[in-house]
Amino acid sequence: MISNMLDYMLDFYNMTNSCNADVIYKGALWHENIEEIGTVIRRKMDSDNLSSRDCRAYFSIFVEMMSNMLKYSADKTDGGVTKGAFFSVYENGAYYALCGNLMKIEHKELIKSRIDNLNSMDKMSLRRLYINELKTTNINPENEGAGLGLIEIAKCASTPIEYEFFPHDEQLTFFTMRASVSLMEAN
Amino acid sequence: MAFYLEKKKTKSTPYILIDEAKNYMKIDGDSFPEFAVEFYREVNDWLGDYLETDFKLFTFDCALKYINSSSTKILFDILALLDENIAEDKKIIINCFVDSNDHMMTELYEDIRDELENIKINLLNT
């Protein structure tokens, strides 16, 4: 494996170049890492003169994707820290956020039906659903989840959330999701 | 002894000031803590006790900028608690400061305001 690594680095470099990625991360999701990646994303948005609405929307998608991986990723370091992957890509007037992690197959149907449901709703319905969930749900003390993250991503995204489950083994599946923010004119 | 708490801003947590002697609380900055419930526990615990006292006028300045979904849930619960405890002789003023270009934050406050029956939330553009 180690002997192929120089080739891997070339493939990696070419792959990241071809998709115009600003952030590529795969590893432990320490809170400090999330803060640092957030700083990189904000710096990029500042230099691209994004409107405050677009900045909020994209940063929010990033944070909620990270939280989602923290909750559901079945891939952990020996010390028990959750692992996952994240890309931030700019292309043709839109910012794309992609995340990927292994998760238990048993969560698949729930996640799938929740995203499909959110994708079928317009922005006004999502806004109403969000406030309704704020009123009625309680924070799960186990994982700090309040079931709001995916709704927040759907609210912020300019297009429906795209996702895929790839087979991994008998217990786990690789879940990946993509959400984008189409840029309004900078203000 | 009146309660006093001041927490510095970090990359993912806001500045917090509670000055019970002045009947005043302020939250200012971004909020996406690693453990939101834990982070806001002191605020919640104090507020629960404070609202039982016979204060006349309490002011809460809320200048949250970016706020993640778990923090939003906690903010909603704080505002709902204030809403339940408002009375003729106990006035509560809530000032929410929002970037005028940040429509999503404005909408969120408007939606929360619509849900709360008694309390008035002043939306102030910065």
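Two residues are taken to be in contact when heavy atoms lie within 4.5 Å. In the predicted model described here, contacts in chain A between residues at least 6 apart in sequence join residues at least 24 apart in 68% of cases. For chain B, the corresponding share of contacts between residues at least 6 apart is 64%.

Chain A contains six helices and five strands, arranged along the sequence as α-β-α-α-β-β-α-α-α-β-β. The radius of gyration of chain A is 17 Å, close to the 16 Å that the globule rule gives for 187 residues, and chain A is therefore as compact as a globular protein of that length. Taken along the principal axes, the C-alpha atoms of chain A fill a box of roughly 55 × 45 × 30 Å. Of the 187 residues in chain A, 44% are buried. The accessible surface of chain A amounts to about 10,000 Å², with 52% belonging to carbon and sulfur atoms.

Chain B is made up of four helices and six strands. From the N terminus, the order of elements in chain B is β-β-β-α-α-β-α-β-α-β. With a radius of gyration of 14 Å, close to the 14 Å given by the globule rule for 126 residues, chain B is so arranged as to be as compact as a globular protein of that length. The C-alpha trace of chain B spans about 35 × 30 × 25 Å along its principal axes. Buried residues account for 52% of the 126 residues in chain B. Carbon and sulfur atoms hold 48% of the accessible surface of chain B, which comes to about 6,100 Å². The charges of chain B number 14 positive and 26 negative, and their mean positions are 6 Å apart.

The two chains form an interface in which 33 residues of chain B are in contact with 27 residues of chain A. The size of an interface is often given as the accessible area lost when the parts come together. Between them, chain B and chain A bury about 2,700 Å², and 56% of this area is on carbon and sulfur atoms. On the chain B side, Tyr66(B), Lys73(B) and Met104(B) supply 26% of the area that chain B buries against chain A, more than any other three residues.

Definitions and conventions:
Residues numbered from 1 in each chain as written. Chains lettered and ligands numbered in written order. Predicted model: local features only at pLDDT ≥ 70, side-chain atom pairs only at ≥ 80, totals over all residues. Heavy atoms only, no water. Helix = DSSP H or I, 4+ residues; strand = E, 2+ residues; numbered from the N terminus. Rg over C-alpha atoms; globule rule 2.2 N^0.38 Å. Buried < 20%, exposed > 50% of the residue type's maximum accessible area, 1.4 Å probe, protein only. Areas by Shrake-Rupley, 256 points an atom, 1.4 Å probe, with all protein chains shown as cover. Lys, Arg positive; Asp, Glu negative; His and termini not counted. Charge placed at Lys NZ, Arg CZ, Asp CG, Glu CD. Buried area = accessible area lost by both parts, 1.4 Å probe.
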